[in-house]
Amino acid sequence: MSVLPEFPPVLPPDEDVLEHALSARNALPPEYGVPPRSLGRLESLGAWMSACQGQLPPRQLHEVRLIVVAGEHGIAQRQPEISALPSSFTADAMSAIIDGRAPLISAASAAGIFVSLVDATSARPSGSIDVEDAMSEAELGEHLRHGMAIADTEADKGTQLLLLGDLGRGLTTVAAAVIGSICGIEPVKVVGWGSGIGDSAWRVKTGAIRDAMYRVRDDRADAHRVLQRIGSPDLAVLTGILAQSAVRRTPVLIDGLGVAAAALCAQILAPGAAAWWVAGSLGEEPAHLPALKALHLEPLLSVGIGTGQGLGAILALPLLRQAVDTLSAGAPDDPLAPESVGEVKEAVSGDSATDN
């Protein structure tokens, strides 16, 4: 019996509600001052959120939680040159979040976002992925289930929207290897400068990513094998959260290169899960854009934020909230229940119209 969990089929956001939300937006009277298509992506974002909730107008986004998943990576210990950050960075950054000193805490507080920190290190770093597996199959199953349990807890609490962030020294190396493998991109095109490394360190980092990708050259379409061999426990936890959130119909605002790498794995393990996600911010790492393109996700912001930790998602959240507000402004007084969508569609299309 496999130690790895399986995900049930993912149902897409309500397509009938999505269609009606778009129709309702285009039918707003002139006095609202927002002609059709004048609000750009806000229009499709509001309709998407309405479809995720299965109702029109969509509910205001009050129950929002940011989950930051942190981990230590063995590649950063074996090849310390790949990061300009001190060896204590991950632990220090986690302490800053816990103590409320991290910039993301003040930003989250101002936006009314609850914050949770998950330490996926499990008392030891992952294996150095250029020469050994990141974890055993049993450990991979454990971390995936951990992420699934987190997603189930948030769904059961009624969380309306999850924000995901990543944290960890050496994470961009691991994430680039995963993205390069799954997307079939050569190492030199996914390696970035991470925390500000120099040319010599960049060459070491490129070599590490090349060696890691070679180790899964025959398994790059197998997300389990990629995660186990060249991923990390934190990416596995993120993968579990993303896939199970889609199963539980919880929309997710993703942010960071590590989260993008996990999202690729989650989409393979739970096909259709990406329909439940929106990308917050595009960073400057070369691997980030191809990962989002493979997921058919267009980032809401492109301001070069590379801190991870979900800060880009926090900054993008007001756009999503405004999209909900805009759609709600012109929505009917009586909420559109899922069972009534068919009737309203007929009325909008004119199929049930009568002559006066």
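Reader: How much space lies in the largest cavity?
Author: About 30 Å³ of space lies in the largest cavity of this predicted model. On a 1 Å grid over the protein atoms alone, a cavity is a set of points where a 1.4 Å probe fits but cannot get out, and a pocket is an open set with protein on both sides within 12 Å along at least five of seven lines. A volume is the space filled by probe spheres set on points joined across faces, edges and corners.

Reader: And how many cavities of 30 Å³ or more are there?
Author: The count by this rule is one cavity of 30 Å³ or more.

Reader: Which residues line the largest cavity?
Author: Its lining consists of Arg25, Leu39, Leu42, Glu43, Ala323, Thr326 and Leu327 (each with an atom within 4 Å of a point).

Reader: What volume does the largest pocket have?
Author: The volume of the largest pocket is about 550 Å³. Its lining has 29 residues, and those closest to the centre are Thr172, Gly194, Ser195, Gly306 and Thr307.

Reader: Which elements supply at least two residues of that lining?
Author: They are β3 (161–167), α7 (171–183) and α11 (257–269). The most comes from α7, which gives three residues to the lining of the largest pocket.

Reader: Then how much space is in the second largest pocket?
Author: The second largest pocket holds about 250 Å³ of space. Of its 15 lining residues, Arg41, Leu45, Trp48, Trp277 and Val278 lie nearest the centre. Two or more residues of the lining come from each of α1 (15–26), α2 (41–53) and β5 (277–279).

Reader: Which of the elements gives the most to that pocket?
Author: With five residues, α2 gives the most to the lining of the second largest pocket.

Reader: Which domains does that lining draw on?
Author: At least three residues come from each of domain 1 (11–59) and domain 2 (62–316); the bounds are from an automatic or database domain assignment.

Reader: What rules apply to the model as a whole?
Author: Residues are numbered from 1 along each chain as its sequence is written, and side-chain values use heavy atoms, without hydrogens and water. In this predicted model, local features need pLDDT of at least 70 and side-chain atom pairs count only at pLDDT 80 or more, while totals for chains, interfaces and linings use all residues.

Definitions and conventions: Helices (H or I, at least four residues) and strands (E, at least two) are DSSP runs, numbered from the N terminus.
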